Amino acid sequence: MVGRAGRRAVVAGIAVAVIALTLYAVVQYELPHGEPPTPNVAGAGKALIADSLGIDFPNSKLLSRVTSILKDAGFKVDVVMGRDVNMSLYERLTNYQVVLLRIHGGKASYVTASGEVKIINGLFTGVPWSDEFEELKKEWLGTRARPYHNPNEAYLALLPKFFLEKLSGYFPPNSTVVVASCYSLITPDIAKSMGAHGLRYFVGWEGPVTVEHMDKAVVKLFEYRFEEGLSWPEAVEEVNNELGPDPLKNEYLRIVSFK
């Protein structure tokens with residue numbers, strides 16, 4: 001848990017999780033207007049599949065299927081596994097038009113100086129926690145995080161401030177990040193941090209979801225989007241119509257868009 005100001009923040013992750021907002025609806029945010037971003041045009045037509053969840057829950061069929069779908073749709077696909085899903089990779093998410101992060105995710109609560117209780121969420125890397133990351137914790141960029149299924153293991157997880165301050169440049173036009181992880185939308189903060197870098201859509205779950213249901217939903221999502229030609233919001237709706245909520249966790253797939 002994240003304690004009072006000055007205490008260490010530790011995000012507890014669920015190996016099987018993700019988020020919810022409004023059933024079938026697109027939650028839309030209008031970001032503050034400022035200097036118009038210069039999109040990473042070179043990233044158009046490039047896709048990333050990053051899978052650190054595979055350390056604990058491998059699914060080679062999913063990786064092969066989504067890779068095939070993206071290549072058939074004309075994307076150049078990079079696949080990154082395990083410990084190579086690291087801080088440097090997250091900094092370079094803006095090099096891709098479509099990103100699938102199959103990872104652990106987590107949440108924690110903390111108390112502000114004014115006594116207000118807030119929730120913070122983080123996205124796991126595949127990198128084991130080390131004392132060398134303590135400075136990230138002090139700056140609220142990252143923290144030590146433990147998967148719920150195996151609390152003896154600790155990984156570096158990255159917090160909303162990291163994605164706001166450390167992402168390199170801006171995403172390509174009409175870019176989408178799909179986060180198959182715990183609590184990616186328990187708050188909108190990580191999504192908004194990416195939205196500030198030009199992201200168009202952020203897809204994930206609000207609460208816990210089983211790995212089996214999550215993986216089915218991910219494959220269906222990419223099939224509807226790229227083989228059936230639906231928009232991302234339409235694809236999310238069709239996945240929810242076909243699969244319903246997670247049978248154990250009652251969570252639906254959700255999508256956030258940015259103007």
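The points below concern the sheet, the helices packed on it and the salt bridges.

1. The model is predicted, so local features need pLDDT of at least 70 and side-chain atom pairs count only at pLDDT 80 or more, while totals for chains, interfaces and linings use all residues. Residues are numbered from 1 along each chain as its sequence is written, and side-chain values use heavy atoms, without hydrogens or water.

2. Strands are DSSP runs of E, at least two residues, and helices runs of H or I, at least four, numbered from the N terminus; two strands pair if DSSP finds at least two bridges between them.

3. The structure holds 7 salt bridges, each a side-chain nitrogen of Lys or Arg within 4 Å of a carboxyl oxygen of Asp or Glu. Asp51, Arg102 and Asp215 are linked in a network of them. The Asp51 and Arg102 side chains meet at 3.1 Å, N to O, and those of Arg102 and Asp215 at 2.9 Å. Arg102 lies in strand β5 and Asp215 in helix α6, so this pair ties together parts 113 residues apart in sequence.

4. Both Asp51 and Arg102 are buried, meaning under 20% relative accessible area, where exposed is over 50% and partly exposed in between (1.4 Å probe, protein chains only). Asp215 is buried as well.
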